[in-house]
Amino acid sequence: MDEKETLRVGVAVRRRRRAMALTLAAVAERSGLSVPFLSQIENERARPSERSLQQIADALETTTVALLDAADPARTVDLVRAADDPGRPGARALVRGEHQMHAEEFTGEHDAGRELVLRNDAMLYVADGTAQVEAEGQAYRLERGDTLYLSGGVRHRWRAGDPRTRILVVSVAEHIETAT
């Protein structure tokens with residue numbers, strides 16, 4: 001791996017291992033590497049050599065290239081300008097790419113029209129206007145500056161009926177496994 005572009009390959013290894021429903025012990029047995037070493041790699045306390053990464057890739061039934069492509073950059077700085085393409089009318093991604101955090105801005109009238117259940121934690125922040133939220137059968141009226149936190153698995157729906165409403169929704173990304 002190139003020192004100039006340090007990648008957090010441990011994140012990719014952990015994602016792949018969990019997607020395959022394998023334990024560290026199973027990957028250790030398949031790869032010939034120790035459980036402590038694999039744990040250090042996953043927790044970014046050790047960097048695998050090219051040979052070790054190949055052993056891990058083989059154990060996870062993938063390639064080193066795929067693991068490196070799925071790795072997170074150690075540091076990311078990405079500016080999203082307000083004038084950038086909003087994507088969907090009334091909705092704009094505030095964070096691009098696949099990261100640990102997902103954030104969107106919703107403007108104007110909005111009604112999801114259905115109940116939502118996010119896998120991970122989320123927060124709604126009303127920057128302007130008002131919103132009505134129903135979460136686990138309880139109704140909430142949010143006004144400018146209010147924040148509502150929802151843990152993963154909470155059934156909810158929300159709507160904004162005012163054209164001047166601006167709501168920020170920030171959540172832990174769907175691809176992140178959270179401890180239960």
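**Close-up views of a predicted model**

**View 1. Glu 42, a buried residue.** Glu 42 is buried, since its relative accessible area comes to 4%, and values under 20% count as buried. Keep in mind as you look around that this is a predicted model. Glu 42 sits in helix H3. Leaving aside residues up to four places away in sequence, the residues that Glu 42 touches are Gly 10, Val 11, Val 13, Arg 14, Arg 17 and Leu 24.

**View 2. Helix H2 packed with helix H3.** Here we meet two packed helices, which are described by the angle between their axes and the distance between the axes. For H2 (residues 24-31) and H3 (residues 35-42), the angle is about 115° and the axes lie 9 Å apart. H2 is therefore roughly perpendicular to H3. The crossing in which H2 passes H3 is right-handed.

**View 3. Residues at the contact of H2 with H3.** From H2, the contact draws on Leu 24, Ala 25, Val 27, Ala 28 and Ser 31, while H3 brings Val 35, Leu 38, Ser 39 and Glu 42. Sorted by class, the contact has six nonpolar residues, two polar ones and one charged.

**View 4. Glu 50, an exposed residue.** Now let's turn to another helix. Glu 50 belongs to helix H4, which covers residues 50-59. With a relative accessibility of 66%, Glu 50 counts as exposed, because the cut-off for exposed is over 50%. If you trace the chain to Thr 64, you will find that residue 14 residues apart from Glu 50, with 8.3 Å separating the two C-alpha atoms.

How values were computed. Residues are numbered from 1 along each chain as its sequence is written. This is a predicted model: local features need pLDDT of at least 70, side-chain atom pairs count only at pLDDT 80 or more; totals for chains, interfaces and linings use all residues. Side-chain values use heavy atoms; hydrogens and water are left out. Axes are lines fitted to C-alpha atoms, for helices over the stretch in contact, and angles run from 0 to 180 degrees between N-to-C directions. Helices (H or I, at least four residues) and strands (E, at least two) are DSSP runs, numbered from the N terminus. Angles under 35 degrees count as roughly parallel, over 145 as roughly antiparallel, 65 to 115 as roughly perpendicular and the rest as oblique. A crossing is left-handed if the near helix is turned anticlockwise from the far one by less than a right angle, and right-handed if clockwise. Contact means heavy atoms within 4.5 Å. Ala, Val, Leu, Ile, Met, Phe, Trp, Tyr, Cys and Pro count as nonpolar, Asp, Glu, Lys and Arg as charged, and the others, Gly among them, as polar. Buried means under 20% relative accessible area, exposed over 50%, partly exposed in between (1.4 Å probe, protein chains only).
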